[in-house]
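Please consider the structure shown below. The paragraphs after it are intended for a reader who meets it for the first time.

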Amino acid sequence: MEDYIPCFSCGAKSLNIEGDCHEYMLSSSGCYEMFNEVLEKEYSDFRYSKAHHYTVDAYATQHPGNLTNPKAVNSIGIHLVSLYFLFEKSMNLNSAAVLKMAFAQFNKTHKIIQPLQKPEKFYGLTIFDIWNNENPEHHFELSEIWAKNSWDAWEKDRLTIEKWAFNFVKKTDFKIIH
């Protein structure tokens, strides 16, 4: 048996194991296991923790769920809006984390997020690159690049995502802090 297989969602080299997957983010079991191991590292070691926001947004946007599942549709929209503010509006990570929670609450009542078709392919870094890195000094930089690569993959939907972000800011007067 091979040690690794490609994840059917993101294309990452992922562990060839049987196991659990996320409730609505679709991935191979090995890819999801690597994500959980990275999260464990970020939760337990302060040297890795500052990249957590990038890690969650990157993984979520590379593993969209079924377009008929409202949780999956909302998840992708929320994480893409977060990446929009990070990379298009130069928002800092702490503000983006607050924004993500506020936008999720806003969407519960305004339902502005609509299903988006998954990009045909993801290029650049994947969870494997983050999982395979044992150097805490490089973790943040790699996670930021991974998040940017994930954001870039959704290029065809940028105007839609920007419209969601604009509607949120306009209707809530959310203050963007850089």
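The following paragraphs treat the overall fold, then the surface and its charges, and finally a group of salt bridges.

This is a predicted model, in which local features need pLDDT of at least 70 and side-chain atom pairs count only at pLDDT 80 or more, while totals for chains, interfaces and linings use all residues. Residues are numbered from 1 along each chain as its sequence is written, and side-chain values use heavy atoms, with hydrogens and water left out.

The protein chain contains two strands and eight helices; here helices (H or I, at least four residues) and strands (E, at least two) are DSSP runs, numbered from the N terminus. Read from the N terminus, the order of the elements is β-β-α-α-α-α-α-α-α-α. The radius of gyration of the protein chain, taken over C-alpha atoms, is 16 Å, close to the 16 Å that the globule rule gives for 178 residues, so the chain is as compact as a globular protein of that length. That rule is 2.2 Å times the number of residues to the power 0.38. Along its principal axes, the C-alpha trace spans about 55 × 35 × 25 Å.

Of the 178 residues in the protein chain, 51% are buried, where buried means under 20% relative accessible area, exposed over 50%, and partly exposed in between (1.4 Å probe, protein chains only). Among contacts (heavy atoms within 4.5 Å) with a separation of 6 or more, 63% are between residues 24 or more positions apart.

The protein chain has 18 positive and 23 negative charges, and their mean positions are 11 Å apart. Lys and Arg count as positive and Asp and Glu as negative, whereas His and the chain ends are not counted; each charge is placed at NZ of Lys, CZ of Arg, CG of Asp or CD of Glu.

Side chains of opposite charge can pair when their charged atoms come close. With a salt bridge defined as a side-chain nitrogen of Lys or Arg within 4 Å of a carboxyl oxygen of Asp or Glu, the count is nine. One of them joins Arg158 and Glu88 (3.8 Å, N to O). Arg158 belongs to helix α8 (residues 158–172) and Glu88 to helix α4 (residues 70–88), so this pair ties together parts that are 70 residues apart in sequence. Glu88 is partly exposed, at 37% relative accessibility.

Lys148 and Asp152 form another salt bridge (2.7 Å, N to O). These two residues are four apart in helix α7 (residues 136–153), and about one helical turn therefore separates them. Arg158 also pairs with Glu155 (2.8 Å, N to O), and Glu155 is partly exposed at 47%. Through shared partners, salt bridges join Glu88, Lys148, Asp152, Glu155 and Arg158 into one network.
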